[in-house]
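Reader: I have a structure open and some questions about it. Can we go through the helices and then the confidence scores?
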Amino acid sequence: MLASNKKRKKQKKLQQQLQKSAAEAKALADLDRESSSASGGSSDEGEHPDAIAERLNSHGFDEKELGFSAADLEAAMRVVKGLGSDLAAYKTRPFRELRGALHPLIEEQMKNYAVP
């Protein structure tokens, strides 16, 4: 019984940390978007989904072929950048499935950069 209470407290604390991390990542992304807009930057971050879709289409990709929309890509970029800024959260159990899904992409990057 004592162990289950400890486990629940630990899970609750982890959940609070994840929520805080997500809020911090969103705040950072918002600040980046604001500074990019103010400086006239042409970063992909915060770029309108239609502009992203147009760029993907110009490279020969379309949403039906890829199985996701430009808005989905934009959301994925926010998630990956947010987790990249909080690796402790990324390493936790709630992101296990995401880590598995990213594994082939990471392996490909390692090959591209000759990482043993």
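Reader: At what angle do α2 and α4 pack?
Author: This is a predicted model. In it, helix α2 (residues 49-58) packs against helix α4 (residues 70-84) at about 105°, and their axes are 8 Å apart. Angles of 65 to 115 degrees count as roughly perpendicular, so α2 is roughly perpendicular to α4.
Reader: Which residues make the contact?
Author: From α2, Pro49, Ile52, Ala53 and Leu56; from α4, Ala70, Ala71, Leu73 and Glu74. Seven of the contact residues are nonpolar, one is charged and none is polar.
Reader: Switching to α6. Where is the kink?
Author: At histidine 103, shortly before proline 104, and the kink is about 40°. Helix α6 covers residues 96-112, 17 residues in total. From first C-alpha to last, α6 reaches 24 Å, close to the 24 Å expected at 1.5 Å a residue.
Reader: And what comes just after α6?
Author: Alanine 114, with a positive phi of about 50°.
Reader: Now confidence. Which element has the lowest mean pLDDT?
Author: Helix α1 (residues 2-39), with a mean of 63. The highest mean is 93, for helix α5 (residues 87-90). The protein averages 76, and 65% of the residues score at least 70.
Reader: Where does pLDDT stay under 50?
Author: Over residues 39-43. The model has two contacts beyond four places in sequence for that stretch.

Key:
Residues numbered from 1 in each chain as written. Predicted model: local features only at pLDDT ≥ 70, side-chain atom pairs only at ≥ 80, totals over all residues. Heavy atoms only, no water. Axes fitted to C-alpha atoms, helices over the stretch in contact; angles between N-to-C directions. Helix = DSSP H or I, 4+ residues; strand = E, 2+ residues; numbered from the N terminus. Parallel < 35°, antiparallel > 145°, perpendicular 65-115°, else oblique. Contact = heavy atoms within 4.5 Å. Nonpolar A, V, L, I, M, F, W, Y, C, P; charged D, E, K, R; others polar. Expected span 1.5 Å × (residues − 1). Bend = angle between axes of the 7 residues up to and from the residue. pLDDT = per-residue confidence, 0-100.
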